[in-house]
Amino acid sequence: MTTAARRHSDRRISPVFLGIVAVTAVSGWAVWTDFSAVPGLAVFLFVVGAWIVSLCLHEYAHARTALHSGDISIGAKGYLTLNPLKYTHALLSIVLPVVFVIMGGIGLPGGAVFIERHRIRGRWRHSLISAAGPLTNVLFTLVCTAPFWLGALDGVPWPFRFALAFLAMLQVTAAILNFLPVPGLDGYGVVEPWLSHAVRRQVEPIAPFGLLAVFVVLWIPAVNGVFFDAVYAVMEAFGVREAEIWCGRDLFMFWQGTSAYCTAP
């Protein structure tokens, strides 16, 4: 009886996550209805809330896939509750991604759930566990951009439209960065099971520095330009114009002031 009750509580959605969803929903409603006296503040709360929700779902996807692949310890760690406070690296997985978004808009990938890999059998399962997180970002991108590529923007208020464009761009950057085959990122986790033991041992010491190396490289203007050209090309394929993304970013960073172009499209 105690074990059954514990298993149920291990999978019950956390009130913390539900609170974040509620903030996202209320701020999204404020953006849609123009209820907020400061539209940028409502956009800010909506985007940050939705971004944290996507981070939680990203890690949940890793955890759920690991559970079904053989790691039965996942539930006891609290990963199935969607509670961001249960993550093993809350700073890397929640705080830093939010800070990077506030600084100007890039989806920072982060590792959070600790998976007992020795419980998993089969290279395909290991790869799928790593791919599950960024695939969630891809799904989030499809949801955010659906009004654009479905041609269903009639009646969508411009602040909400711009907010969706900016949020979708964050998801695209997170997916691209996460799928890079760089040690420490999910992309490397996808290919790692197929590498020789010798190669994995050589790579292991540098894995903690992989994400840092990626962002150092992104500071190089030429690399940064290529990266964002790729991001905007993907967004264009989904029917989202670069101007809409920039207006979403402009509204999001409301403390810097909003341009006239973005307030009267």
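## A salt bridge at R241 and E244

In this predicted model, the side chains of R241 and E244 meet in a salt bridge, 3.6 Å from N to O (a side-chain nitrogen of Lys or Arg within 4 Å of a carboxyl oxygen of Asp or Glu).

Some ground rules: residues are numbered from 1 along each chain as its sequence is written. This is a predicted model, where local features need pLDDT of at least 70, side-chain atom pairs count only at pLDDT 80 or more, and totals for chains, interfaces and linings use all residues; side-chain values use heavy atoms, leaving out hydrogens and water.

## A linked network

Searching the whole structure turns up 5 salt bridges. D71, K77, E116 and R119 are joined in a network of them. E116 pairs with K77 at 3.1 Å, N to O. K77 sits in the loop between helix 3 (39–69) and helix 4 (90–102), and E116 in the loop between helix 4 and helix 5 (123–149), so the pair ties together parts 39 residues apart in sequence. Helices are DSSP runs (H or I, at least four residues), numbered from the N terminus.

E116 also bridges to R119, with the closest N and O atoms 2.6 Å apart. E116 is buried at 17%, whereas K77 is partly exposed at 22% and so is R119, at 33%.

## What about the cysteines?

The disulfide count is 0, going by cysteine sulfur atoms within 2.5 Å. C56 is buried at 0% relative accessible area, and C144 is buried too, at 4%.

Terms used. Buried means under 20% relative accessible area, exposed over 50%, partly exposed in between (1.4 Å probe, protein chains only). Helices (H or I, at least four residues) and strands (E, at least two) are DSSP runs, numbered from the N terminus.
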